[in-house]
Amino acid sequence: MGDSVLRLVVSELLFDKYSDYDEGKLTKIRSYLVSDEFLAQLAQKINLGCVLKIGHHEEKDGGRKKESILACAMEAVFGAVFKSLGFEVAKNFICNVYSKIKVDVSMVLFMYNSKELLQQYTQSKTKSLPEYELVEEFGQAHDKTYIVSVSYQGDVLGSGEAKTKKEAEKIAAFNALKKLNIVKE
């Protein structure tokens with residue numbers, strides 16, 4: 001339930017704040033703002049991991065800091081506030097928690113399109129495509145981390161680390177764009 005309330009609130013906020021953006025841009029921004037990565041950051045900002053009741057094995061495995069657990073817990077809190085106190089209170093609570101992290105929307109959109117931008121750049125130079133390679137994966141089956149590198153004409157331009165291969169590729173492409181001075185820090 002928390003994820004549904006969250007999506008509704010974030011959608012409404014984005015529509016109000018960025019009414020000049022098309023649906024595609026708004027969807028990309030919302031996708032980031034409701035992602036496990038972002039929700040885990042929110043949970044860390046409010047120290048949610050400290051109050052979680054988790055099993056002994058998960059405690060030993062660092063569960064209080066796991067992105068997936070923190071994200072699910074954050075969604076559960078949003079759902080509990082909604083169920084107990086209603087939509088308006090949940091909306092205000094979500095807005096308050098979200099205000100704890102500043103988001104550069106243009107950077108979110110740029111990061112979202114980083115693979116496409118890198119491909120356009122490489123094809124404009126030689127018609128060749130960048131190549132992505134899984135360098136390493138580690139962690140338990142339910143909590144894997146992937147490291148991916150991106151190369152162009154045999155030169156490694158960047159690498160990225162994330163909880164999904166797709167996200168690691170985006171980060172690698174973004175880092176490649178920084179190395180090529182197409183984007184600044």
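**View 1. Ring pairs link Tyr32, Phe38 and Tyr98 into a cluster.** Rings of Phe, Tyr and Trp (for Trp, its six-membered ring) pair if their centres lie within 6.5 Å; planes under 30 degrees apart count as stacked, over 60 as edge-to-face and the rest as tilted. By this rule the count comes to four aromatic pairs. The model is predicted: local features need pLDDT of at least 70 and side-chain atom pairs count only at pLDDT 80 or more, while totals for chains, interfaces and linings use all residues. Residues are numbered from 1 along each chain as its sequence is written, and side-chain values use heavy atoms, with hydrogens and water left out.

**View 2. Tyrosine 18 and tyrosine 21 form a stacked pair.** A pair of aromatic rings is described by the distance of the centres and the angle of the planes. For tyrosine 18 and tyrosine 21 the centres are 5.0 Å apart and the planes are at 25°, so the pair is stacked. Buried means under 20% relative accessible area, exposed over 50%, and partly exposed in between (1.4 Å probe, protein chains only). Tyrosine 18 is buried at 15%, whereas tyrosine 21 is partly exposed at 24%. The charged end of lysine 25 sits over the ring of tyrosine 21, 5.0 Å from its centre. A charge sits over a ring if NZ of Lys or CZ of Arg is within 6 Å of the ring centre and within 35 degrees of the ring normal.

**View 3. Phenylalanine 78 and phenylalanine 93 form an edge-to-face pair.** Their ring centres are 5.9 Å apart and their planes stand at 70°, so the pair is edge-to-face. Phenylalanine 78 belongs to helix 5 (residues 67–85) and phenylalanine 93 to helix 6 (residues 87–98), so the pair ties together parts that are 15 residues apart in sequence. Helices (H or I, at least four residues) and strands (E, at least two) are DSSP runs, numbered from the N terminus. With a relative accessibility of 1%, phenylalanine 78 is buried; phenylalanine 93, at 26%, is partly exposed.

**View 4. Lysine 91 in helix 6 is buried.** The relative accessible area of lysine 91 is 16%. Leaving aside its neighbours within four places in sequence, lysine 91 is in contact (heavy atoms within 4.5 Å) with Val9 and Glu12.

**View 5. Three strands form an open antiparallel sheet in the order 1-2-3.** Strand 1 (131–138) and strand 3 (155–162) are the edge strands, each pairing on one side only. Neighbouring strands of this sheet are turned by 20° against each other on average, direction ignored. Axes are lines fitted to C-alpha atoms, for helices over the stretch in contact, and angles run from 0 to 180 degrees between N-to-C directions. Two strands pair if DSSP finds at least two bridges between them. Seven bridges join strand 1 to strand 2, and seven join strand 2 (residues 145–152) to strand 3. Helix 8 (residues 114–126) lies across strand 1 and strand 2, running at about 20° to strand 2. Helix 9 (residues 165–179) lies across strand 1, strand 2 and strand 3, and runs at about 135° to strand 3.

**View 6. Strand 2 forms hairpins with strand 1 and with strand 3.** The hairpin of strand 1 and strand 2 has six residues between the strands, and glycine 139 there takes a positive phi near 105°. Between strand 2 and strand 3 there are two residues, and glutamine 153 in this turn has a positive phi of about 50°. The bridge partner of serine 151 is valine 156 in strand 3, and tyrosine 146 has alanine 162 as its partner in strand 3. Tyrosine 132 stands opposite valine 150 in strand 2. Lysine 115 lies over the face of tyrosine 132, at 4.9 Å from the ring centre.

**View 7. Asparagine 47 and lysine 127 have positive phi values.** Most residues other than glycine have a negative phi. Phi is near 55° in asparagine 47, which is found in the loop between helix 3 and helix 4. Lysine 127 has a phi near 70° and is placed in the loop between helix 8 and strand 1. At 69% relative accessibility, lysine 127 is exposed.

**View 8. Valine 51 lies in the loop between helix 3 (36–45) and helix 4 (56–60).** Valine 51 is exposed, with a relative accessible area of 63%. From valine 51 to phenylalanine 15 the separation is 36 residues in sequence and 33 Å in space, C-alpha to C-alpha.
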